[in-house]
Amino acid sequence: MALDQSFVGRTYPPTAPYEVGREKIREFAEAVGDTNPAYTDPEISRAYGHADVIAPPTFVFSITFRAAGQVVEDPQLGLDYSRVVHGDQKFAYTRPVRAGDRLTVTSTIEAIKSMAGNDILDIRGEVHDESGEHVVTAWTKLVARAAEEV
């Protein structure tokens, strides 16, 4: 059953602040195999003009995907998450994520499409720091595969 188009434009409340830690950044960089020293060495990050270590560009996915859970779990939307695969991801940064940031995410459903029985859901996550300044916008595309006919 196709998702309801009336949900396009729906915005969910901002998440509780997520405090970005140096160790989380280091663990993430290690997990993705990125050895850029700006992710682990505060002195090198400062030499690049940052107050502390910065996070790899895809680090914010873990925060924005968790925030998109508000959309996914909305019972009125009726998304069958057991049929969902991750379709695409993109980011537009105002500045890098830094250790010490306290970030909130506000999720909005940008589009809902149906193709070949599959539902495609585009979610935009606006990430702001505790002063309200924009840090990054993340777009997540989820594809709910069509139910198999019996």
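Which residues of α3 are buried? In this predicted model, they are Ile63, Thr64, Ala67, Ala68, Gly69, Val71 and Val72. An α-helix has 3.6 residues a turn, so residues three or four places apart point the same way.

**Helix α3**

The helix covers residues 61–72, which makes 12 residues. Its length can be checked. At 1.5 Å a residue, α3 should span 16 Å. The C-alpha atoms at its ends are 15 Å apart, so the two values agree.

| Strand packed against buried residues of α3 | Residues |
|---|---|
| β1 | 18–19 |
| β3 | 102–115 |
| β4 | 118–128 |
| β5 | 134–144 |

**Two nonpolar cores**

The largest nonpolar core has 20 residues. Val20, Ile25, Phe59, Ile63, Val97, Leu103 and Val127 touch the most other members. Another core lies apart from it and has 15 residues, including Ala68, Val72, Leu79 and Val84.

Now take Ile25. Leaving out residues up to four places away in sequence, Ile25 touches Val20, Tyr39, Val53, Ile54, Ala55, Pro56, Phe59, Arg98 and Ala99.

**Alanine 116**

Is Ala116 buried or exposed? Its relative accessibility is 78%, so Ala116 counts as exposed. Exposed means over 50%. Ala116 sits in the loop between β3 and β4. Its phi is near 55°, a positive value in a residue other than glycine.

Note on methods: Residues are numbered from 1 along each chain as its sequence is written. This is a predicted model: local features need pLDDT of at least 70, side-chain atom pairs count only at pLDDT 80 or more; totals for chains, interfaces and linings use all residues. Side-chain values use heavy atoms; hydrogens and water are left out. Helices (H or I, at least four residues) and strands (E, at least two) are DSSP runs, numbered from the N terminus. The expected span of a helix is 1.5 Å times one less than its number of residues. Buried means under 20% relative accessible area, exposed over 50%, partly exposed in between (1.4 Å probe, protein chains only). Contact means heavy atoms within 4.5 Å. A nonpolar core is a set of buried Ala, Val, Leu, Ile, Met, Phe, Trp, Tyr and Cys residues joined through side-chain atoms within 4.5 Å.
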